[in-house]
Amino acid sequence: MTGDHTDSAERSIFERLGVPEVINAAGTKTRVGGTRLRPEAAEAMQEASDGFVRISDLQAEASKRIAESTGADAGYITTGASSALTLAAAACLAGDDLSIMNRLPHTEGIPNEIVMARSHRTGYDHAFRLAGANIVDVGTFDRDLGSGSTNLKRWELDDAIGEDTAAVGYVATSRSEPPLETLVDVAHTNGVPVIVDAAAELPPKSNLSRFIEQEADLVAFSGGKAIQGPQATGILAGRQELIRSVAFQQLDMDIIEELWEPPEELFGDATIDGVPRHGIGRGMKVGREELVGIITAFEQFVEENDQKTFDEWDERARQMADRLQDEEGLHVSISGTEDDAVTNVEIQVDSTVTGFENLELVRHLQQHDPQVYVGFTDAPDSPILLNPMCLTDDEAGQVTDILAGMVTEA
Ligand SMILES: *Cc1c(COP(=O)(O)O)cnc(C)c1O
């Protein structure tokens with residue numbers, strides 16, 4: 001990958017641009033490129049780029065396929081799960097009201113609160129606020145105290161939902177509490193929809209329909225993680241009238257009213273008073289290339305055998321662990337929790353041998369040529385993680401060679 005290349009055809013696009021190349025052992029992290037696009041999706045994108053189509057027709061086709069695979073009424077392609085959350089919030093705020101659509105993100109005088117369990121707050125919930133919503137968080141982090149108390153009581157959520165509530169938000173992970181069914185029950189009893197952030201919850205494929213079966217109203221997935229679609233895509237699945245509101249607020253609306261023929265699959269028999277202005281989602285546009293790319297990738301993802309994918313990741317992780325097992329200065333293990341879809345290699349640097357800690361090794365890897373990105377958080381005792389999802393077998397070998405070299409030199 002590095003070294004002198006005389007033949008420019010051998011050099012990667014990043015080398016030709018003079019931009020340092022990265023080996024991604026961090027998993028589907030947006031800041032280092034997110035995912036490896038499926039070749040079939042890349043081909044579809046290339047082909048679509050040389051022709052024209054009505055974007056709303058492609059969205060309607062995507063909607064049909066998302067509905068089939070998730071069990072939801074309808075679906076929509078967005079520029080990532082994050083923008084799916086913004087559009088979901090916008091739909092819950094505005095519904096079919098053209099005047100509210102036009103006003104967002106300003107929400108004076110309308111219900112504008114999204115209620116969330118405090119333990120579900122993440123950096124990604126800025127996406128809700130982008131549409132104009134205020135997040136009201138309730139509950140505690142008592143679970144972390146080991147006190148036996150839960151983070152959110154049913155009555156507490158019920159109490160927090162009121163006349164200013166536009167939606168209830170939920171981040172789906174294997175550790176999320178309360179159960180989504182409980183949250184949905186309380187929200188729906190109060191007449192309020194539920195938005196689920198399930199960005200990274202695929203695979204297993206069963207999660208495509210799981211949250212819809214649990215009666216979530218809108219569910220967001222990343223297209224640029226395990227689906228391996230274009231990195232800047234996302235999927236929103238949910239109720240027809242909410243997806244319709246998303247479409248109204250996201251599609252380009254430079255349209256002569258007499259000539260407007262919105263596709264029925266997306267808009268159903270909606271009656272609205274004219275053509276909306278460009279909505280809050282207009283800046284999050286999805287081109288025909290991304291649309292055919294994610295449609296193609298999604299089709300393959302849905303047809304694939306989950307177990308095969310898990311086994312492939314597991315195998316790659318175990319090979320990396322085997323290669324590093326005997327390095328003096330490293331404690332190497334395989335991540336063990338059954339909740340994790342992907343097997344990671346866990347590494348602890350033994351600083352008594354190497355003279356440096358985990359953090360320094362991570363920094364050295366990032367500064368290497370090619371740069372190597374690994375999973376790491378700054379929590380105390382947090383291991384270095386090698387995530388196999390975005391690696392080829394070749395790259396996995398390079399990562400372990402580079403890592404072993406650094407420890408041996410130390
Ligand atoms: C990755 C992620 C997102 C953002 O998804 P994008 O497709 O990158 O916009 C949102 N929420 C969670 C929990 C995520 O893991």
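## Basis of the description

The model is predicted, and local features need pLDDT of at least 70, side-chain atom pairs count only at pLDDT 80 or more, while totals for chains, interfaces and linings use all residues. Residues are numbered from 1 along each chain as its sequence is written, and side-chain values use heavy atoms, with hydrogens and water left out.

## The seven-stranded sheet

Seven strands form an open sheet in the order β2-β8-β7-β6-β5-β3-β4, with mixed pairing. Here helices (H or I, at least four residues) and strands (E, at least two) are DSSP runs numbered from the N terminus, and two strands pair if DSSP finds at least two bridges between them. The edges are taken by β2 (74–78) and β4 (134–138), each of which has a single partner strand, so one side of each is left without a neighbour in the sheet. On average, neighbouring strands of this sheet are turned by 25° against each other, direction ignored; axes are lines fitted to C-alpha atoms, for helices over the stretch in contact, and angles run from 0 to 180 degrees between N-to-C directions.

Strand β6 (residues 194–197) runs parallel to strand β7 (residues 218–222), and three bridges join them; Ile195 has Leu218 in β7 as its bridge partner. Helix α3 (residues 55–70) packs on the sheet, where it touches β2 and β8 (234–238), and its direction makes about 120° with that of β2, contact meaning heavy atoms within 4.5 Å. Helix α4 (residues 81–94) lies across β2, β3 (113–117), β5 (165–171), β6, β7 and β8, and runs at about 165° to β7.

## The ligand site

Around the ligand stand Thr30, Gly80, Ala81, Ser82, Tyr124, Asp197, Ala199, Ala200, Ser222 and Lys225, a residue being counted if one of its heavy atoms lies within 4 Å of the ligand. A polar side-chain atom of Asp197 lies 2.7 Å from a nitrogen atom of the ligand. On its own the ligand has 380 Å² of accessible area, of which the protein covers 83%, with areas taken from the Shrake-Rupley method with a 1.4 Å probe.

## The three-stranded sheet

A further open sheet has three strands in the order β9-β10-β12, with antiparallel pairing, and its edge strands, β9 (330–334) and β12, each pair on one side only. Three bridges link strand β10 (residues 345–349) to β12, and Ile347 has Ile384 in β12 as its bridge partner. Helix α14 (residues 306–324) packs on this sheet, touching β9, β10 and β12, with its direction at about 155° to that of β9. Helix α16 (residues 358–367) also touches β9, β10 and β12, and its direction makes about 115° with that of β10.

## Loop residues

The loop between β11 (371–374) and β12 (384–386) holds Pro383, and Asp381 lies in the loop between β11 and β12. Although Asp381 is not a glycine, it has a positive phi of about 65°. Leaving aside neighbours within four places in sequence, Pro383 is in contact with Glu346, Ile347, Gln348, Asn358, Gly375 and Phe376.

Two peptide bonds are described as cis: the bond from Leu104 to Pro105, with omega near 15°, and the bond from Glu177 to Pro178, with omega near 0°. Pro105 is found in the loop between α5 (98–103) and β3, whereas Pro178 is placed in the loop between β5 and α9 (180–189).

Definitions and conventions. Polar contact = N/O pair within 3.5 Å; in protein donor to acceptor, adjacent residues only side chain to side chain.
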